[in-house]
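Here is a short briefing on one protein–ligand model. Look over the sequence and the coordinates before reading on.

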Amino acid sequence: MPKRPSVVSHVPALRRAVRNLRRGGATVALVPTMGALHDGHISLVRLAKRRARRVIVSVFVNPAQFAPNEDFASYPRNLKQDIAMLADAGVDLVWAPDSKTMYPPGFATRIAPEGPAKAGLEDAFRPHFFGGVATVVAKLLTQCTPDVAIFGEKDYQQLKVITRLAADLDLPVKIVGAPIVREKSGLAMSSRNAYLSDTQRAAAATLYRVLKDCAGRIADKELIARVLDEGTAEIERAGFTLDYLEARHADSLAKVETIKDGPLRLLVAARIGATRLIDNVAVP
Ligand code: AMP
């Protein structure tokens, strides 16, 4: 039986637990999550274990990053199963506060990220999102005081926003990005995949297939605008409503005209039924 990690849900207990973890000079990595864990999250834990002696995973479905019309209420939650998975993965500490602990009465501070948070990708469709993410991540980082924090490239724009945030606020933490873990079909693992019917799940594999195809063609010097137009049509034919399919500079997220403006990243967001999926790939 793997050792069950300590689970704490209040800040003073967290501070004590982190002090204990650090005994003997041990380094600490944090993996922030919203729970409903899958192999993508566990790959972040594995990377965290390579980067630090001790690993903390936070599990908090952050109301501040959901708009009223989004899926906060229905977002999948299963802390018991998450803890079992984290025990198997060798996590030392689970930080699982509730909303009142994170946002007690009178809470009145919100970080307003700019730069990559205003790139015109996720922010164009979820204008409240990065403010909520930046605020909660700043709190998680100051609560857990990790040496390293791991974020998935799955949420590519978010990774850029957090990297900027940590630099701008002089947070003494190294932000590390982790590659996307996919289903056999190519579909990027996501807690929201649980919403998909079998038919939608089969259609959802189109996103990665189109991204890979577009990336290959752009690498072969085909015109970016034409490649993305054809990719858009294919995604729509599979039953999606597209929010965006764009080629951007992989670091700055600036708009690009040709492959010479690279390195490039292709990013997509699309809705199928009531489920919104995002994905991205590098242009090789
Ligand atoms: P979430 O629980 O969806 O907020 O995700 C928590 C962290 O896991 C974020 O840094 C995500 O980017 C990362 N993540 C989610 N899905 C994947 C995946 N399929 N592969 C790698 N990282 C992921």
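Which helix lies across E7 and E8, and at what angle does it run to E7? The model is a predicted one. Helix H9, residues 224–237, lies across both strands. H9 runs at about 155 degrees to E7.

- E7, E8 and E9 make up an open, antiparallel sheet, in the order E7-E8-E9.
- Strand E7 (241–249) and strand E9 (275–282) are the edge strands, each pairing on one side only.
- On average, neighbouring strands of this sheet are turned by 10 degrees against each other, direction ignored.
- Eight bridges join E7 to strand E8 (residues 264–272) in the antiparallel sense.
- Alanine 247 stands opposite leucine 266 of E8.

**The shell around the ligand**
- The ligand is surrounded by 16 residues.
- The closest are His41, Gly152, Asp155, Val181 and Met189.
- By class, nine of the shell residues are nonpolar, five are polar and two are charged.
- Strand E2 (28–33), helix H2 (39–51) and strand E5 (148–152) supply at least two shell residues each.
- H2 gives the most, with three residues.

**Polar contacts and cover**
- A polar backbone atom of glycine 152 is 2.8 Å from an oxygen atom of the ligand.
- Valine 181 places a polar backbone atom 2.8 Å from a ligand nitrogen atom.
- For methionine 189, a backbone N or O atom lies 2.8 Å from a nitrogen atom of the ligand.
- On its own the ligand has 490 Å² of accessible area, and the protein covers 93% of that.

Note on methods
Residues are numbered from 1 along each chain as its sequence is written. This is a predicted model: local features need pLDDT of at least 70, side-chain atom pairs count only at pLDDT 80 or more; totals for chains, interfaces and linings use all residues. Side-chain values use heavy atoms; hydrogens and water are left out. A residue is near a molecule or strand if one of its heavy atoms lies within 4 Å of it. A polar contact is a pair of N or O atoms within 3.5 Å; within protein, one must be able to donate a hydrogen and the other to accept it, and residues adjacent in sequence count only if both atoms are side-chain atoms. Accessible areas come from the Shrake-Rupley method with a 1.4 Å probe; for residues, only the protein chains shown count as cover. Helices (H or I, at least four residues) and strands (E, at least two) are DSSP runs, numbered from the N terminus. Ala, Val, Leu, Ile, Met, Phe, Trp, Tyr, Cys and Pro count as nonpolar, Asp, Glu, Lys and Arg as charged, and the others, Gly among them, as polar. Two strands pair if DSSP finds at least two bridges between them. Axes are lines fitted to C-alpha atoms, for helices over the stretch in contact, and angles run from 0 to 180 degrees between N-to-C directions. Contact means heavy atoms within 4.5 Å.
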